[in-house]
Amino acid sequence: MTSSQKQKTVENVAQLDAAYDARYEIYTPDADSALRHLYGDQENFPEIAARMMRVVRDAYLQRPEALKELDLRRSQRPDWFQQPDRIGYTAYVDRFAGTLKGVEQKIGYLKNLGVSYLHLLPLLKMRPNENDGGFAVSSYSEVDPALGSMNDLSNLAERLRENDVSLCIDFVLNHTADNHDWAMRARTGAQHYKDFYYVYQDRSLPDQYEQSLGEVFADTAPGNFTFIAEQDEWVWTTFNPYQWDLNYSNPVVFEEMLKAILFLANKGVDVFRLDAAPYLWKRLGTDCLNQPEVFSIIRALRALTAIAAPGILLKAEAIVPSYKLVQYLGAGEHAGKECQLAYNTTLMTMIWSALAEGNAARLASVLKSIPPLSPGAAWLNYVRCHDDIGWGVLFEEKAGYSEAEWRDHANFARAFYAGDVDGAYADGENYQNHGTAGTTASLCGLERAMKQGDSEAIRLATMRILLLYTVVFSYGGIPLISMGDELGQFNDHDYAAGNRYDGDGRWLHRGAMDWQKAELRRGGGNEVRIFSEIRKLAEIRANTPQLIQSAAEPGLCGDGRVLTLHHHNAHGEIFVCVNFSSAPAHVTIPEAHCWRDQFTGDRVTKPQVELGAYDRLWLTPIDQALDDKAN
Ligand code: OTU
């Protein structure tokens, strides 16, 4: 190193450290007030708070310089993830590419599709045998050996960064596996570790809690507590019996999880999906969901990570009704202090609902009832994920419908996608007592149509897939492609024979990536159509700054068959129309502009347009002067 290079490094470090000091000043009060809400009544609170600040300081000292520089760039551009070219993809590592090293080999494929945000499903060391698809974590500092090593993870993160792809992983913070070191020690009777969980000597408290608790896996894991014979005690297990809920009323748990998230951030992870966020705090007499303390946990995590690693994002996974969901993105005095991203469960569930009805009226009413987000927060919009479509989330939606109406509708939608209706096209399966399993393509009728070799049915099924993706790409926020959807991948009917099968019906839509099908995208089959249309959506999306921080204004046309989404911001406007029905429908186009459809490139000059079955338009105003020149 020459002396001038050395000088530069010294200056660089000084600049990074100064930025850290400034963040420390800014975010400490937020961290303090959130921690005080959680632990303020403990007499050693000052010491608790000081310990958290030490974790933050240590993590900053460990943070690689390249990441500190990225932090600085992102702090200067906090809306980096809201840029229109941020397009998501989600996959299980093994299903997609075998191992983390394998994923590196597929970066080219992802870039080709237009992807710039990759969510890899649980990849940390997981419980052997049953592990809920990796959502039973046995170590937060190790990668599962079947998928690679921690070194592979940081290498992958670096390769992705070079390719401008953000890496998201799951932060399963509500529970650990029953073979996590903490649980193992708790089993031996160590009180310090028992206090990491909710452990009860008898059923008296569990019985009291059960009176107001719901059930997630009602069929396969009924009840919320599990008897541990060797301990002769009961442990709180909201999900499966081997997933032990962590007790966040113990500040040591928060401290350990803070260490865990910052450790992973320092390996180069950009985005953390906060798994099962609503469940983090328990209160007797309630459903133990969305308790006020949950938001303080999130605010404390946000403020503390913002000091050590401000480049990272927190993404809420909360399958709750829309009025509760928006709280995870920070509103009012908490704007900018909670998650930057949240899964738009409401939109996801409602587009499937509208497709089943062949009508968008209910969808539009629900979308209209969602409060606008605070600046700095955005939706993660998706068609399918690794979970089921959970219809129960709709029961508490209002939007002009009663709970009884929602329950009827949920029953209808569930039967529809299980193929239990006249003229059925969907090939889904019922999941537990509330959901639907199946891939996008199979739920949209492509599997059935292909098996029947019915070309018109194939065309319609393909249109349905593209319609759903058009909505999530044009809603505003980060659109997410679920692995295999870009090729119209079917259900995995042999899932029960699969190496990860644990009796859970969600494996139906978690089949391995069909790379042979991926090769066909270069040919002339239907795969080419779906792949190229989704890539086209990504391209259009990347060129639509009109979606940045813009709330979609939903509307209806054609007797409610067509959903329209009108966006405008400082960059201009767009008008998107999708026909949810198999019948043609008329759309009224706003007359303020002359428009061009981004799918066909055609000019739309008439105030009325007819949209065919499941057809769509993505209209951008034509700059009159430029357009005349071009013609
Ligand atoms: C999440 O799921 C994960 O996405 C699931 O794959 C896990 O099984 C689960 O957590 C436990 O880690 O908790 O906030 O209906 O939608 O369990 C919602 C099933 C969750 C899932 C629900 C969800």
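How many bridges join β15 to strand β17, and in which sense do the two strands run? Two bridges link β15 to β17 (residues 435–437), and the strands run antiparallel. Ile389 is placed opposite Thr436 of β17. Helices (H or I, at least four residues) and strands (E, at least two) are DSSP runs, numbered from the N terminus, and two strands are taken to pair if DSSP finds at least two bridges between them.

The structure is a predicted model, in which local features need pLDDT of at least 70 and side-chain atom pairs count only at pLDDT 80 or more, while totals for chains, interfaces and linings use all residues. Residues are numbered from 1 along each chain as its sequence is written, and side-chain values use heavy atoms, with hydrogens and water left out.

The domain assignment of the protein chain, whose bounds come from an automatic or database domain assignment, gives domain 1 (80–174 + 262–547), domain 2 (181–244) and domain 3 (553–630). The C-alpha centres of domain 1 and domain 2 are 29 Å apart. Contact (heavy atoms within 4.5 Å) involves 25 residues of domain 1 and 20 residues of domain 2. Buried area is the accessible area (1.4 Å probe) that two parts lose on being put together, summed over both; between domain 1 and domain 2 this area is about 1700 Å², and carbon and sulfur atoms give 56% of it. On the side of domain 1, Lys282, Leu284 and Gln432 lose the most area to domain 2, together 34% of what that side buries.

Strands of a sheet pair through backbone hydrogen bonds, either parallel or antiparallel. The strands β15 and β17 belong to an open sheet of three strands in the order β15-β17-β16, with antiparallel pairing. Its edge strands, β15 (389–390) and β16 (429–431), each pair on one side only. A second open sheet comprises six strands in the order β19-β20-β21-β26-β23-β24, and its pairing is antiparallel. Here β19 (553–557) and β24 (603–604) are the edge strands, each pairing on one side only. Within this sheet, four bridges connect β21 (residues 572–579) with β26 (residues 616–621) in the antiparallel sense, and Phe575 has Leu619 of β26 as its bridge partner.

A hairpin is formed by β8 and β9, with four residues between them, and Asp232 in the turn has a positive phi of about 55°. The strands β8 (residues 225–228) and β9 (residues 233–236) run antiparallel and are joined by four bridges; Phe225 is partnered by Trp236 of β9.

Helix packing was also examined. Helices α14 (residues 345–357) and α19 (residues 455–474) pack at an angle of about 145°, their axes 11 Å apart. Axes are lines fitted to C-alpha atoms, for helices over the stretch in contact, and angles run from 0 to 180 degrees between N-to-C directions. Leu347, Ile351, Trp352 and Leu355 of α14 make the contact with Arg464, Leu467, Leu468, Val471 and Val472 of α19.
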